[in-house]
Amino acid sequence: MQLNTEYFEELWLSDNQKKEPTVEFWDFRAEEYNISSSTADARLNRQKKVQSLIDRGIINAQSTILDIGCGSGQFTVELAKKTKKVVGLDFSEKMLNYASANATAEGLKNTEFIHSDWDHFHYTEPFDLVIASMSPAIHKPDHLYKMMAYSRGYCYLSSFVERHSSLKEKLYRLTDQSYVRQFNKINYIFNLLWTKGVFPELTYETGIHKRVFPLAKAQEIYTRELSVLESP
């Protein structure tokens with residue numbers, strides 16, 4: 001069997017069974033996401049990532065960056081402190097409201113936030129770095145190729161390799177659904193890039209992300225994620 005580009009494209013598309021969250025879901029999550037992304041640990045983690053990009057010569061004070069699925073903008077803000085301009089893109093207007101407020105709170109004048117999904121995004125020029133940090137926006141081959149096309153230098157993409165949540169997995173079983181982890185996406189991306197003569201660097205990190213919700217809030221979040229709003 002010849003492992004060519006088309007093979008891995010078809011494999012990714014045929015395995016793309018995970019239902020992507022809707023705008024309504026992310027609008028609902030915006031406040032909680034902004035709070036959880038603003039902790040001291042989360043801030044330190046972002047600062048380390050940005051410093052690593054600087055140390056390796058990937059970005060500098062003259063760099064322009066596109067942040068796909070920027071959410072509440074904390075990574076956009078951290079990058080903007082060290083570069084010429086950062087454009088943050090998200091399809092959730094409420095997320096972008098927080099992102100704009102976070103940039104303003106830091107006194108930044110070099111950020112731009114665009115309300116759009118990745119399919120319909122257009123910009124007049126490429127960027128030195130294009131990132132999709134834990135973003136569900138890149139979920140098929142064309143999305144990956146568009147990300148590469150907008151870069152004149154580097155791309156940075158992160159996603160879960162393996163993720164466990166005992167509560168979430170139990171809820172999926174109770175509602176007769178399958179909890180689909182995202183690790184296959186990274187495999188497909190890695191192999192697609194190899195078939196195109198691009199040899200990406202892989203790094204891994206492990207961590208525990210703790211979130212505490214009141215019962216009513218948890219019920220609202222999980223009924224949306226599980227698409228069981230009409231079910232008792």
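**View A. Helix 6 against the sheet in the predicted model.** In this predicted model, helix 6, formed by residues 141-149, lies across strand 1, strand 4 (127-133) and strand 5. The helix runs at about 140° to strand 5.

View B. Five strands make up an open sheet, in which the order is 3-2-1-4-5 and the pairing is parallel. Strand 3 (111-115) and strand 5 (151-158) are the edge strands, each pairing on one side only. On average, neighbouring strands of this sheet are turned by 15° against each other, direction ignored. As a general point, the strands of a sheet pair through backbone hydrogen bonds, either parallel or antiparallel.

**View C. The pairing of strand 1 with strand 2.** Strand 1 (residues 64-68) and strand 2 (residues 85-90) run parallel and are joined by 5 bridges. Within this pairing, T64 has K85 of strand 2 as its bridge partner.

**View D. Helix 5 against the sheet.** Residues 93-105 form helix 5, which lies across strand 2 and strand 3. Relative to strand 3, helix 5 runs at about 170°.

**View E. The second largest pocket.** The volume of the second largest pocket is about 290 Å³. Its lining includes L171, L174 and T175, as well as L215, A218, Q219 and Y222. Helix 7 (166-174) and helix 9 (215-225) each supply at least two residues of this lining, and helix 9 gives the most, with 5 residues. By residue type, the lining of the pocket comprises 8 nonpolar and 4 polar residues, with no charged ones.

Methods. Residues numbered from 1 in each chain as written. Predicted model: local features only at pLDDT ≥ 70, side-chain atom pairs only at ≥ 80, totals over all residues. Heavy atoms only, no water. Pairing = 2+ DSSP bridges. Helix = DSSP H or I, 4+ residues; strand = E, 2+ residues; numbered from the N terminus. Axes fitted to C-alpha atoms, helices over the stretch in contact; angles between N-to-C directions. Contact = heavy atoms within 4.5 Å. 1 Å grid on protein atoms, 1.4 Å probe; cavity = no way out; pocket = protein on both sides within 12 Å on 5 of 7 lines; lining within 4 Å. Points joined across faces, edges and corners; volume = space filled by probe spheres on them. Nonpolar A, V, L, I, M, F, W, Y, C, P; charged D, E, K, R; others polar.
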